[in-house]
Amino acid sequence: VQLQASGGGLVQAGGSLRLSCAASGRTFSSYALGWFRQAPGKEREFVAAISWSDGSTYYANSVKGRFTISRDNAKNTLYLQMNNLKPEDSAVYYCAVAPTKVAMTTVTLYWGQGTQVTVSS
């Protein structure tokens with residue numbers, strides 16, 4: 001399984017970014033895909049997940065209402081639309097695969113490389 005994240009960058013507070021994660025190597029219809037982030041000196045934290053089959057979603061409270069996770073089944077691509085970004089959202093963002101969207105908070109099967117998001121104040 002390969003997960004290739006992209007779309008990170010530098011943005012001002014209040015701005016938006018959209019991350020993408022191109023997934024390959026297997027079919028994902030029985031799994032969930034999602035996003036984590038890790039800021040310097042902090043533990044990696046769960047951000048959002050989506051069930052690949054039915055598109056149902058699950059978010060961390062810290063991003064609910066600002067971030068939207070989605071997927072394009074035909075392109076095998078995962079997205080994270082991030083709006084109203086805050087400096088505390090600055091981190092390396094990783095995409096991952098898990099058995100279910102809720103299980104992703106504790107069990108991950110595959111990880112991709114990260115993409116850096118920096119939000120300036």
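**Close-up 1. Valine 92 faces strand S11 in this predicted model.** Valine 92 stands opposite glutamine 116, a residue of S11. The strands here are S9, residues 91-98, and S11, residues 115-120. They run antiparallel, and 3 bridges join them.

**Close-up 2. Strand S2 also pairs with S11.** S2 covers residues 9-12. It runs parallel to S11, with 4 bridges between the two. Leucine 10 sits opposite threonine 118 of S11.

**Close-up 3. Side chains alternate along S11.** Thr115, Val117 and Val119 point to one face. These three are buried.

**Close-up 4. Strand S8 is mostly covered.** S8 spans residues 77-82. Of its 6 residues, 5 are buried.

**Close-up 5. Strand S3 lies antiparallel to S8.** S3 takes in residues 17-24. The two strands are joined by 6 bridges. Arginine 18 stands opposite glutamine 81 in S8.

**Close-up 6. S7 and S8 form a hairpin.** S7 runs from residue 67 to residue 72. It is antiparallel to S8, and 6 bridges link the pair. Phenylalanine 67 has methionine 82 of S8 as its bridge partner. The hairpin leaves 4 residues between the strands. Asparagine 76 lies in this turn, with a positive phi of about 50 degrees.

Conventions. Residues numbered from 1 in each chain as written. Predicted model: local features only at pLDDT ≥ 70, side-chain atom pairs only at ≥ 80, totals over all residues. Heavy atoms only, no water. Buried < 20%, exposed > 50% of the residue type's maximum accessible area, 1.4 Å probe, protein only. Pairing = 2+ DSSP bridges.
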